[in-house]
Amino acid sequence: MTGFGDRLAAARAENGPVCVGIDPHPELLAAWGLSDDGDGLRTFGLAVVERLAGKVAAVKPQSAFFERHGSAGVAALEDVLAAAREAGVLTILDVKRGDIGSTMGGYAEAYLDDASPLRADAVTLSPYLGFESLRPALDLARRTGRGAFILALTSNPEAAAVQRARHDGVSVAARMAAGAADENAAARAAGEWARLGPVGLVVGATIGPTAGAAGVDLAAVDGPLLAPGIGAQGAGAAELTEVFSTARERVVASSSRGVLAAGPEGLDAAAEALRSEVSAVLTS
Ligand SMILES: O=C(O)c1cc(=O)[nH]c(=O)n1[C@@H]1O[C@H](COP(=O)(O)O)[C@@H](O)[C@H]1O
């Protein structure tokens with residue numbers, strides 16, 4: 001079984017370092033001529049998968065926009081995830097889950113178990129109940145060859161007060177990075193990966209050259225670095241260079257609205273434009 005990090009590294013090498021978010025905002029559904037309901041969500045998500053298969057490293061469905069429509073939306077999300085599996089496109093399900101360990105086991109089974117209809121290749125996890133509270137998800141991901149992205153230095157301006165706060169001199173973000181490093185080291189010792197560990201960090205492309213000041217050495221992270229904030233939140237190639245400097249070869253740059261706004265017919269061209277813009281700085 002090839003682990004998630006190695007599968008992502010291979011997809012990145014083949015298709016470029018871009019992840020496109022599947023974020024069916026109501027305004028985007030309207031602009032695409034789709035209804036704001038389960039059918040509209042399904043058509044939207046399937047179009048992104050179909051158009052971008054083989055052209056991106058991964059897609060990242062945003063669960064919130066599907067959950068808005070309850071069971072109809074969740075059913076659409078299941079279909080989008082199944083279509084991506086069928087098309088061989090890696091999925092990062094953006095659910096930002098995090099809970100006490102016993103409940104975390106339920107979330108882990110929901111997204112990381114081979115038998116779950118909502119299974120994805122990786123999920124985003126919110127570690128603010130403590131890194132170890134994520135244990136059930138981290139363990140199940142390892143057992144099933146899946147991955148996790150831990151929120152470390154997120155793209156939103158409010159994040160700094162929490163993620164850069166220090167306890168015993170160590171920032172919250174640095175503790176998350178250390179937790180991810182420990183996980184990847186254990187997985188490597190067990191022979192589970194070669195190129196990239198299964199546990200990555202979310203580091204916003206908007207944060208500027210500040211990771212070091214938060215005590216996070218991005219160059220030492222041996223998992224993937226998911227960098228949202230490209231496009232609608234203002235970051236581009238220059239900002240990626242500024243944030244990631246020597247860690248660039250592990251970055252997957254993520255954009256949702258910036259690509260999706262091109263509409264179904266323009267998706268490929270928008271993704272290709274982003275790929276050439278960011279490849280120039282991330283793969284050099
Ligand atoms: O985990 C994420 O993907 C994420 C982390 C973060 O720090 N910032 C961030 O914007 N995201 C997600 O990335 C997507 C960004 O969307 P756009 O701003 O439209 O590109 C949204 O689905 C956010 O929830």
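Student: Which residues in H6 meet which residues in H7?

Tutor: In this predicted model, Gly 101, Met 104, Gly 105, Tyr 107, Ala 108 and Leu 112 in H6 meet Arg 135, Pro 136, Ala 137, Leu 140, Ala 141 and Thr 144 in H7. By class, eight of the residues of this contact are nonpolar, three are polar and one is charged.

Student: What describes how H6 and H7 cross?

Tutor: Two packed helices are described by the angle between their axes and the distance between the axes. For helix H6 (residues 101–112) and helix H7 (residues 135–144), the axes come within 7 Å and cross at roughly 30°. The crossing of H6 and H7 is right-handed.

Student: How do you know what confidence the predictor has in the chain?

Tutor: The mean pLDDT of the chain is 97, on a scale from 0 to 100. A pLDDT of 70 or more is reached by 100% of the residues. For the complex, the predictor gives an ipTM of 0.99 and a pTM of 0.98.

Student: Why is H3 called roughly parallel to H5?

Tutor: Helix H5 covers residues 70–87, and H3 packs with H5 at an angle of about 15°, with the axes 8 Å apart. Angles under 35 degrees count as roughly parallel, so H3 is roughly parallel to H5. The crossing of these two helices, H3 and H5, is right-handed.

Student: What makes the contact between H3 and H5?

Tutor: From H3 come Gly 38, Leu 41, Arg 42, Gly 45, Leu 46 and Val 49. From H5 come Ala 72, Gly 73, Ala 75, Ala 76, Asp 79, Val 80, Ala 83, Ala 84 and Ala 87. The contact of H3 with H5 has 10 nonpolar, three polar and two charged residues.

Student: Which residues come nearest to the ligand?

Tutor: Of the 19 residues around the ligand, these are Thr 154, Ser 155, Pro 228, Ser 256 and Arg 257. Strand E10 (251–255) and helix H11 (257–260) are the elements that give two or more residues to the shell. By class, the shell has three nonpolar, 13 polar and three charged residues.

Notes. Residues numbered from 1 in each chain as written. Predicted model: local features only at pLDDT ≥ 70, side-chain atom pairs only at ≥ 80, totals over all residues. Axes fitted to C-alpha atoms, helices over the stretch in contact; angles between N-to-C directions. Helix = DSSP H or I, 4+ residues; strand = E, 2+ residues; numbered from the N terminus. Left-handed = near helix turned anticlockwise from the far one by under 90°. Contact = placed C-beta atoms within 7 Å. Nonpolar A, V, L, I, M, F, W, Y, C, P; charged D, E, K, R; others polar. Near = placed C-beta within 6 Å. Parallel < 35°, antiparallel > 145°, perpendicular 65-115°, else oblique.
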